[in-house]
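Subject: Structure for your review

Hello,

Here is the structure you are taking over. Please look through it before reading the notes that follow.

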Amino acid sequence: MSAPSTFRFCARLVRRQLVLAVRRPLEIGNPLLFFAMVVALFPLGLGPAPDQLARFAPGILWIIALLANLLSSDAVFRSDFDDGSLEQLLLAPQPLYAAALSYIFAHWLITGVLLALVSPLFAGMLGLPGNAMLTLALSLLLGSGVLSLIGGIGASLTVGLKRGGMLISLLILPFYMPVLIFGSAAVQAAVTGADAGPYLAILGAMLSLAIALAPLAIAAGLRISVDA
Amino acid sequence: MWSFFHKLGSPPWLYGISGSILRWLVPITLIALAVGICWGLLYTSPDFRQGNSYRIIYIHVPAAVVALAGYYVMAIAGAVSLIWRMKMADIAMKSCAPIGAALTFVALVTGSIWGKPTWGTWWVWDARVTSMLILLFLYLGVVALYEAFDNKAAASKACAVLSLVGTVNIPIIYKSVDWWYSLHQPATIKFTDESTIDPSMFYPLLLMIVAFYGLFTCALLMNMRVEILARESRTKWVRKLVGG
Amino acid sequence: MYFDSVSAAIDMAGHGGYVWSAYFISLLVIAYLLVLPGLRQRSLKRQIAGELRREAHAAALHSSEDPAVTSPGEN
């Protein structure tokens with residue numbers, strides 16, 4: 001039996017990750033639940049005045065999405081590291097770059113895409129104007145890809161550590177900041193009626209750069225963590 | 001060239017040479033710092049708009065400049081240690097992080113103290129202040145990651161990867177923070193023009209920048225020597241050095 | 001010297017508190033950067049020297065006791 005081509009290999013990895021996720025629906029639901037709960041915290045903390053909430057809604061929604069992504073990224077490689085399948089992955093003839101990218105792609109599908117899809121619901125609860133909903137979903141779709149890739153770097157570096165949870169946020173939150181700036185700016189622009197296209201384009205550029213470079217860092221990080 | 005490179009990878013050689021460098025670099029740095037501080041504090045005339053509070057510039061700007069340069073030193077050392085597996089580069093990288101964090105801290109604190117008389121508040125979310133704060137987080141991330149690993153060889157490799165990721169990201173972070181600030185710029189804060197700096201203020205500033213580079217180098221070499229001793233404590237040359 | 005007197009230099013037309021505290025904090029950090037590695041190096045050297053001494057001591061005990069312990073057995 002010959003080794004499958006890189007593309008087929010990646011497709012199988014993505015399928016495996018998705019199947020694993022579907023078998024544990026709670027883990028898919030957790031980020032969404034977290035998103036919903038934190039949305040509920042803001043009116044309690046800031047007061048229920050609708051105009052005030054609507055003014056902060058773009059920033060609030062983006063920060064919550066970012067935190068939801070951050071919390072879920074810790075687990076990307078964790079179980080595979082624990083049961084040893086990560087070592088198998090390092091020994092595979094296919095490039096680790098492609099494998100890392102497929103792990104992140106699967107992670108993005110079950111967190112970023114889902115969050116982007118349900119975000120208009122929560123945006124409505126915070127009183128975000130209807131014309132900004134599409135921009136919000138689009139910016140989350142693009143931005144969460146970058147977040148997943150950067151989160152993957154942090155996850156690969158800390159996967160071998162017993163207490164990686166708090167550390168990973170310290171490592172990668174600084175790298176999340178540009179995404180937050182442009183993501184919330186895109187939504188803000190849509191709220192005020194300006195053209196959100198340039199911001200989405202910058203998010204797309206960040207995503208392209210992250211796709212090109214982040215898997216390299218993830219691959220290096222996985223090798224270090226497995227060797228240690 | 002290559003023989004120099006090989007020598008650089010040898011702990012006893014580096015330990016010896018750094019000792020003889022420090023013997024003259026530390027006094028020179030201390031003298032430069034003392035002269036620069038006295039010059040800036042006592043012998044320059046005050047800025048016509050900010051008065052005497054501008055004298056903080058002589059520590060604020062050098063600390064900020066060297067803190068930023070230190071991150072690049074750390075990233076280059078990290079790259080060398082990843083590519084050529086050089087133990088000494090690894091030690092250099094590890095030693096950069098706390099020094100850089102301390103200098104970033106100095107830049108932030110002095111900036112904040114300077115901000116009180118100039119802007120009327122201790123802290124503003126200005127582009128450069130925010131960028132420096134993020135730089136501090138980046139440094140602390142490297143320190144925390146290094147401390148979290150039990151296996152120090154793996155720790156330095158992981159930190160090298162992290163600092164390289166940071167190097168790619170720093171320009172992006174800086175540009176986006178700049179842009180973010182220009183979008184939200186509050187009208188109440190006016191910045192003085194900095195392009196016109198009088199030579200009488202510039203020379204002490206230059207001296208202080210050089211002195212801070214010297215300070216960074218001294219602290220780096222001293223930290224590296226401790227780390228070399230700690231890692232090589234079982235080897236013959238260290239035992240001879242300590243025992244003899 | 002720009003200032004006329006020591007008190008003028010300390011006061012700096014009202015900004016003295018800010019300027020001097022900024023310099024004081026910076027000097028503290030500079031001192032910390034330069035002194036700490038020296039202290040750590042000294043304690044490390046002492047620790048290694050202690051290890052060496054203990055090893056030398058153990059080796060000396062070993063070599064002096066060895067014949068006394070082993071010779072009766074051999075006879």
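**A residue in chain B**

B:Val129 has 18 C-beta neighbours inside 10 Å and therefore counts as partly exposed; a buried residue would need 20 or more. Bear in mind throughout that this is a predicted model. The residue sits in helix 5 of chain B, which covers residues 127-148. Leaving aside residues up to four places away in sequence, B:Val129 touches B:Gly111 and B:Val124. For a sense of distance within the chain, B:Val129 and B:Val226 are 97 residues apart in sequence, and their C-alpha atoms are 33 Å apart in space.

**Chain A**

Chain A has nine helices and zero strands. Along the sequence its pattern reads α-α-α-α-α-α-α-α-α. The radius of gyration of chain A is 18 Å, close to the 17 Å from the globule rule for 228 residues, so chain A is as compact as a globular protein of that length. Its C-alpha trace spans about 60 × 35 × 30 Å along the principal axes.

Of the 228 residues in chain A, 46% count as buried. Taking the contacts in chain A between residues at least 6 apart in sequence, 80% join residues at least 24 apart.

Helix 7 of chain A can be checked for length. With 26 residues at 1.5 Å a residue, helix 7 of chain A should span 38 Å, and its end C-alpha atoms are 35 Å apart, which agrees.

**Chain C**

Chain C contains two helices and zero strands. Of its 75 residues, 13% count as buried.

**Where the chains meet**

Which chains share the most contacts? Of the two pairs of chains in contact, that is chains B and C. Chain A and chain C do not touch, and their nearest C-alpha atoms are 24 Å apart.

The contact between chains B and C involves 36 residues of chain B and 28 residues of chain C. On the side of chain B that touches chain C, at least two residues each come from helix 2 (11-43), helix 4 (87-119), helix 7 (199-231) and helix 8 (236-243) of chain B. Helix 4 of chain B gives the most to this side, with 10 residues. Sorted by class, the side of chain B that touches chain C has 23 nonpolar, nine polar and four charged residues.

In the contact between chains A and B, chain A provides 20 residues and chain B provides 23 residues. Three helices of chain A, namely helix 7 (133-158), helix 8 (165-192) and helix 9 (197-227), each supply at least two residues of the side that touches chain B. Helix 8 of chain A gives the most to that side, with 10 residues. By class, the side of chain A that touches chain B has 18 nonpolar residues, one polar and one charged.

The interfaces are described here by residues in contact. The size of an interface is often given instead as the accessible area lost when the parts come together.

Regards

Methods
Residues are numbered from 1 along each chain as its sequence is written. Chains are lettered from A and ligands numbered from 1 in the order in which they are written. This is a predicted model: local features need pLDDT of at least 70, side-chain atom pairs count only at pLDDT 80 or more; totals for chains, interfaces and linings use all residues. Two residues are in contact if their C-beta atoms, placed from the backbone, lie within 7 Å. Helices (H or I, at least four residues) and strands (E, at least two) are DSSP runs, numbered from the N terminus. Ala, Val, Leu, Ile, Met, Phe, Trp, Tyr, Cys and Pro count as nonpolar, Asp, Glu, Lys and Arg as charged, and the others, Gly among them, as polar. A residue is buried if 20 or more other C-beta atoms lie within 10 Å of its own, exposed if 12 or fewer, and partly exposed in between; C-beta atoms are placed from the backbone. The expected span of a helix is 1.5 Å times one less than its number of residues. The radius of gyration is taken over C-alpha atoms; the globule rule is 2.2 Å times the number of residues to the power 0.38.
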